[in-house]
Each structure stands twice: as structure tokens, then as C-alpha cells.
Amino acid sequence: MVESAPSTMAGTQVGISRARFYILLLFSLFTMEQCANWNTFGPIAASAKIVFCWSNVTIANLTSIGLYGFILCVAPCTYLLYRSLRWSVIVGCFMTMLGALLRCIPLVYPTISLSSYTILCYLSACCISTAGPIAMSAPLQITACWFPPKERNTATSVGQLFNVLGVGVSFILGLGIVTEASDTVGTVCEADNDTITFADLEPKETRDDIMNLNYIHAALDIVLFVLIVLYFPSKPKLPPSISSAEERLDFIGGFKTLAKSRNAWLVLVTYAFPQCLIQLWQSMMVINLTELDLNFPRGNLSYLSDEIDPCDGQICEHWVEVLGVVMCFVSVFTSIGVASFAAIFRKRMKLSIILLLGMSAVLFIFCTLILEQVITFKTITGFKVSLYCLLLPAMTFALSSSPIAFELSVENSYPVNEGVIGGWLTGWFNVLGAVFFLVFLIPGIGTRWLNYVMPFSVLAPLPAIFLVSESYQRMKTDQKTENSEQDNKAVS
């Protein structure tokens, strides 16, 4: 189905397909669910540790496997994306579904040992990680193949930021399904977890809730896989623009061009630091915030309330989950709007990124000062409200720079294939993420260093973006042909 009447530009017939919105919707749901599966245990870390006898290192490892697997699979997945958008998304969705199903094995084998189930969770994380390069790299390929130039910024924002939205979905599912376990009731952990069966895990209510969460993910993944297999072509019958129809550099040639380009490296830093570190901090925020030593007096939540603080003057897992949900949904959808608005200034991408990261940095610095208790409050309510008021806009500004950096990289590197550019950016993104999780392996490192991750994530790339030279090659190609057609129509 073609929405607009086919027209001919520079000898190439172009048209806009109505199916582009369905393709973007399916992909966005897939990339969101892939990320939600990856972060399944992060939002319920405190409860999972009690039920499964896990440690902070185990939770971090289950998350970091997604990064190490991504790094190993980025080259073959990017090549598959280069060859076929359809088959790459099918493979990615299948591996996500397989990973979710592995965590459901106790449904058919309830006597499985705890150590075996832990291994299954590691294998599940490996499967889900193989889908990561496709889930994160494909938005550029989809927008290039399916969307006209004026819609690219918005489409890239949706396709990319829905992956980030997966973190929020993991929090809302964890919050709504899993009952928070108490420290006083839990599995009696032993040195050899082979002697503990799945049926022995306590508290049973929380264990069953976690399994229900796994079943929901598996069911969603099965539905998405079937829908994608039924209809998800690589491209429409007619290209939406001239640049979409032009031949790109081959796979190896594209990577060589990027590796030799100063601008490609600078934009990479601009994209990877804020997006990687912010997303990983979100996945570990339950551990970070619940282990803060706040020392607020136990009592009323505020001077204006008779409600007693149930967490003894500390931050509860439930409150962090709610913060994660609100922060993620508000920042993602607002970021899509901000990035779409920035499309009006399509030739001012560098300035847009500088302004967004700069505003985010100021707000994150205040967050760190609060977490370090340099800025203090008399009640825990003031502490919580301040985090909400600072984190929401700070996250929004930082995330809004992501799709703009994606598009700037494509413009500067044209005619490198968009899938190759996506693999380039997200591959190094995950290398940085791997370094992030390696920090947890330092003996006695604790979690206090996490308080400084957010401001560092947006301050580090600022020098790089200042050095970027803007070159809108793809945009110029489309504008030249559009202007040529307008001139021809005027003459006729």
C-alpha cells in the first residue's frame, strides 16, 4: 500500500508506504521486549537475592552477560542486518523468545536444583544478548528504508528509545507482579546449591511471582515472533526518497570508512557515554539507591503526614521501582517529542546535542550532591521529591540527544550502510558497558561509585561533540533531487 502517489525523482520512482507505521510498531515492541527481558532481575534484585541465594555480583553478571554477548555477536548480526532487515529481526526475536522460555523450565521440571536454574538464567541471558545488536542497530535501517526525510528523526527516536523504554517496562512488571520479599523470610542458603530444589525456595509467594513474570515475558515474545514472521518485509516496493534508493558501501568498506573517520569516533563518544551509562545505571538503580546510608530518623514521612515510614528511614525497593517506571516512561516519551521538535533544526544537530547534554549535566550534578548528602534534607520525603524533580528532566535531556547523535552519524558517514553505522555505534556502546560491569568485580568496591555515574555520563562526551564537523551528505542528496523536481515542475 502506497500512501502518496508514486513520483519520479532523478529517474527513480519513489513513494511512501502506509505499512511503515506497522513495521515501526512491530519493531519497537520487539526492541522494548528484548531490553525488558535483559533487565528482568534488575528491578527485583533485592527479592531475587533472597529467593535464589544470589549476590549483587550475580545480579550484575546476569545483566553484564547481555553486554559481553552483544560484543561477540555485533559483527555477525550487523552483517545479517546488512543482508536482510527481515531475517535479522526474525532471528533477533527468536533468540529473545528462546531466552525467555529457558527461564520457564521449572514449569515442566519443578524439581530442578537451584544451581541448575541459575545456570539456565545465565544461558537465557546469553540468548537474549545475541538479539541486542539487532534490537539496537536496526532503527537506522528501518527509517532509511521506510520513512521519508521529514519523518526520519521521529521514526529513529521511536525505534531507538523504545529499547530504553524496555527498562521502564521491566520495572513496571516487577512492581506490579513480584511481591517484595522480606529479609526475615527467605531461602536457607547453603554452600552447595545442588541440594536445594526449586520447590524449596522461600518465600513461595515471591518465587511464584517471579515465575509468573517469566511466563508473561515468554508469552509476549511468542506473539511478537509470530507477527514478525507473518509480515515484516525488509523494504517497501518503492523507496521513500532518493537517498534510500542509492547504493551503499559494502559491509567491510563501510566499517573501514568509519574506523578511518575522525568524526565517526567523535560522534560515537557523544552517543555511547550518555546512553550506555544512563541505561546501565537504571538497571542497577535498585542496588544503588537501596544501599544508600541515609540515616533519616524513623517516623513520619513528612511534617504534614501521619503516615509512618515503613523502611526505617532508608529507600525501599518498591519506591525505587516506582521511580524507575515514572522516570523511564516520562523521559522516553518526552525525549521522542524533544527529538522530533529538534528535526525542525535538522542542520543544527551539533548545537542541539550540546544544549541537551549541558542541561542534563547541571541537573545530574545536583543529583550526585544529594546522594552524597552534600545537600541534605530534614525528612526522607524531601530527599525523594528532589530526586524526582531532578532525575526526570535530566534523563529526558540526555536521552533526547541519542536519536540526534544517531542521525548525525548517518549524515556524516553517508553512503555507509545505516545498519553498519548502527552496529558501529551500539557495538562500542556495549564495550563501554562491559567496562562498567567489570568495576563490580573490584574487591570491596561497593556501590557508592554509582552516585557519580550520571554526571560523568554527560560531561565526558561534551568535549567530543564540540570537535565534530557537521556534514549533512544524505540530507543534501535528498534536497538536491527535491529542488530539481520543483524546478522542473515550475518550468513545465
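Q: To start, is Phe198 buried or exposed?
A: Phe198 is buried, with a relative accessible area of 6%. Buried means under 20% relative accessible area, exposed over 50%, and partly exposed in between, with a 1.4 Å probe and protein chains only. Please note that this is a predicted model, in which local features need pLDDT of at least 70, side-chain atom pairs count only at pLDDT 80 or more, and totals for chains, interfaces and linings use all residues. Residues are numbered from 1 along each chain as its sequence is written, and side-chain values use heavy atoms, with hydrogens and water left out.

Q: Which aromatic cluster includes Phe198?
A: Phe198 forms one aromatic cluster with Phe41, Phe52, Trp54 and Tyr117. Rings of Phe, Tyr and Trp (its six-membered ring) pair if their centres lie within 6.5 Å; planes under 30 degrees apart count as stacked, over 60 as edge-to-face and the rest as tilted. The count by this rule is 28 aromatic pairs. Tyr117 and Phe198 make one that is edge-to-face, at 5.0 Å centre to centre and 65° between the planes.

Q: Where do those two sit in the chain?
A: Tyr117 is in helix α5 (residues 114-130), and Phe198 is in the loop between α7 (152-177) and α8 (204-230), 81 residues apart. Helices (H or I, at least four residues) and strands (E, at least two) are DSSP runs, numbered from the N terminus. Tyr117 is buried, at a relative accessible area of 0%.

Q: What about Trp319 and Tyr388, how are the rings arranged?
A: Their centres are 5.8 Å apart and their planes at 85°, so the pair is edge-to-face. Trp319 belongs to helix α13 (residues 317-342) and Tyr388 to helix α15 (residues 380-413), so the contact ties together parts 69 residues apart in sequence.

Q: Changing topic: how many salt bridges are there?
A: The search of the whole structure finds nine. A salt bridge is a side-chain nitrogen of Lys or Arg within 4 Å of a carboxyl oxygen of Asp or Glu.

Q: Which residues are linked with Glu418 in a network?
A: Arg248, Glu407, Glu411 and Arg474 are linked with Glu418 in a network of salt bridges. Glu418 meets Arg248 at 2.8 Å, N to O. That pair joins helix α16 to the loop between α9 (242-245) and α10 (251-260), 170 residues apart. Glu418 also bridges to Arg474, with the closest N and O atoms 3.4 Å apart; Arg474 lies in helix α19 (residues 473-491).

Q: Are these residues buried or exposed?
A: Both Glu418 and Arg474 are buried. The relative accessibility of Glu418 is 2%, and Arg248 is buried too, at 14%.

Q: Last topic: how many cavities does the search find?
A: It finds four cavities of 30 Å³ or more. On a 1 Å grid over the protein atoms alone, a cavity is a set of points where a 1.4 Å probe fits but cannot get out; lining residues have an atom within 4 Å of a point. Grid points are joined across faces, edges and corners, and a volume is the space filled by probe spheres set on the points.

Q: What is the volume of the largest cavity, and which residues are closest to its centre?
A: The largest cavity holds about 150 Å³ of space. Of its 15 lining residues, Gln34, Trp38, Leu67, Met136 and Asn430 are the closest to its centre.

Terms used. On a 1 Å grid over the protein atoms alone, a cavity is a set of points where a 1.4 Å probe fits but cannot get out, and a pocket is an open set with protein on both sides within 12 Å along at least five of seven lines; lining residues have an atom within 4 Å of a point.
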